Amino acid sequence: MREAWDKAVEAGAVTERRLHPVTPLRRAWAPFAILVGWAVHDPNGTQQRLSALTTTTLLLGCAAVVLGGAAYGFLSWWFTHFAVTDTELRIRTGLFFRRTAHIRLDRLQAVDVTRPLLARIAGVAKLKLDVVGADKKDELAYLGERDAAALRAELLARAAGFAPEEAREVGEAPVRGLLHVQPRMLALSLMLTGAPWAMLVAAVVVPAFLWFATHNLWTVLATGLPMLGGAFASSGGRFIKEYDWTVGESPDGLRIDHGLLDKAHETVPPGRVQTVHVVQPLLWRRRGWVRVELDVAGSANSVLVPVAPRELAEAVIARVLPGARVPDAAELSRPPARAAWCVPLWWKGYGLAVTDAVFAARHGLLKRRLSLVPHAKVQSVRLSQGPWERYRGVADVRVDTGANKTVTARLRPAAEAAALLQSQASRSRTSRKEARPDRWMTK
């Protein structure tokens, strides 16, 4: 296969391309990272060796490291090629050990464009490729911004079935805006979330307690700094990542654009969505705000809407799950009162509703989480019942999805759970037969 590929390249049937010339800078840091790791591993020995070196030797060593990093970056760029054929995208990489990735276009489900801050300054972008059945995304980093947009459009067009000569002319599919999250709403929603405040309080109280207990500054810093980092990640970090969040609809799926420093352009293929989660923290309920998260088969994309009024969020969900609707709180059936003996107080947060389109289960008393699983996406149904649940006459019904996730309807009456097990298995079989293929991109 490798020889046939090389012959095709030589004959001009396949055109191989290189990445942007700025790409070597992405790899040049590797030798520096090795030296830093060695220094951190043995700081005392590193200090002694550096003290024994003369100024001339130290300068020569620094020059050698810089030149080595530059050479490594250049060679890794030089030996990286990619080409688009009628059926696949091939990426050849490797300086010492060659690797060729064969990405079938008919298995391609999304092509995301990300532009980190430094990449935006340099005018380049990164393509991330979501392929069905692959745990890790392949990527092309970096391409010029225009080249990245053109290649993304070409890949999606070919994946949709356009002929090679037509795919280059199709261009970017049109997009219709569905939702835009205002920065003010996003900032306020984060302030009304308990996790950042809990982390911040812990970052103040725990180090203070350790200082009075040990009077050891390093212990305080080693404990406090990660907590402060966690508080920032769950507040400021999320704001930076989810800033200017926009959701639009196009023939190649739902498009999501977001980011303050690092810009991301992602695609969510509706046909691959296995579960939709509607999340509502306690302090959001008065304002009627919700957060929408996804389980997508073979993809890491997990957030659809960071915060929005419930009506707008449900309109977006309707584009992801055609024909489905989000059940109201009044439609959810609670567990029987005897379930309180199994899970005191928190049993009131559980609920279940089964519609013609979805299996909907809710859990959480303070932070409610309603999970919607389309019947066609249910891979298996299970009933579980512990000794105490058996004594109280309740059971759990679990449905497994294609994203290797499980949604559970907890503490249902035993007779209802047994009937639900049979009926849900029947609904899933029928829905899978009637469902359209997951190939969602069309001409």
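Here is a friendly set of questions and answers about a predicted model of one protein chain.

Reader: How many helices and strands does the chain have?
Author: Let's start with the overall picture of this predicted model. Of the 443 residues in the chain, 41% are buried. As for its elements, the chain has 14 helices and 19 strands.

Reader: What share of the contacts with a separation of 6 or more comes from residues 24 or more positions apart?
Author: Contact here means heavy atoms within 4.5 Å. Counting contacts in the chain with a separation of 6 or more, the part from residues 24 or more positions apart is 54%.

Reader: What should helix α10 span, and how far apart are its end C-alpha atoms?
Author: Helix α10 covers residues 194-214, which makes 21 residues. The expected span is 1.5 Å times one less than the number of residues, so α10 should span 30 Å. The end C-alpha atoms of α10 agree with this, being apart by 30 Å.

Reader: Which elements do the buried residues of α10 pack against?
Author: Buried means under 20% relative accessible area. In α10, the buried residues are P196, A203, P207 and L210. They pack against α9 (183-191) and α11 (217-242).

Reader: Why is strand β10 described as largely enclosed by the rest of the structure?
Author: Strand β10 runs over residues 263-268. It is largely enclosed by the rest of the structure because the buried residues number 5 of the 6.

Reader: How many bridges join β10 to β4, and how many join β10 to β9?
Author: Strand β4 (residues 108-115) runs antiparallel to β10, and T114 has A264 as its bridge partner. Strand β9 (residues 253-258) also runs antiparallel to β10, with L254 partnered by V268. The bridges to β4 number 3, and those to β9 number 5.

Reader: Which residue in the turn between β9 and β10 has a positive phi?
Author: These two strands form a hairpin, with 4 residues between them. In the turn, a phi of about 120° belongs to G259.

Reader: How many residues are in the largest nonpolar core?
Author: Nonpolar side chains tend to be buried together in soluble globular proteins. Here, the residues with the most contacts inside the largest core are V273, V276, L304, I317, L321 and L372. Elements that each supply at least two residues of this core include α9, β9, β11 (273-280) and α12 (310-320). The number of residues in the core is 36.

Reader: Which residues does I317 touch, not counting those up to four places away in sequence?
Author: I317 is among the residues with the most contacts inside the largest core. Leaving out residues up to four places away in sequence, I317 touches V276, V278, V292, V326 and L372.

Definitions and conventions: Residues are numbered from 1 along each chain as its sequence is written. This is a predicted model: local features need pLDDT of at least 70, side-chain atom pairs count only at pLDDT 80 or more; totals for chains, interfaces and linings use all residues. Side-chain values use heavy atoms; hydrogens and water are left out. Buried means under 20% relative accessible area, exposed over 50%, partly exposed in between (1.4 Å probe, protein chains only). Two strands pair if DSSP finds at least two bridges between them. A nonpolar core is a set of buried Ala, Val, Leu, Ile, Met, Phe, Trp, Tyr and Cys residues joined through side-chain atoms within 4.5 Å.
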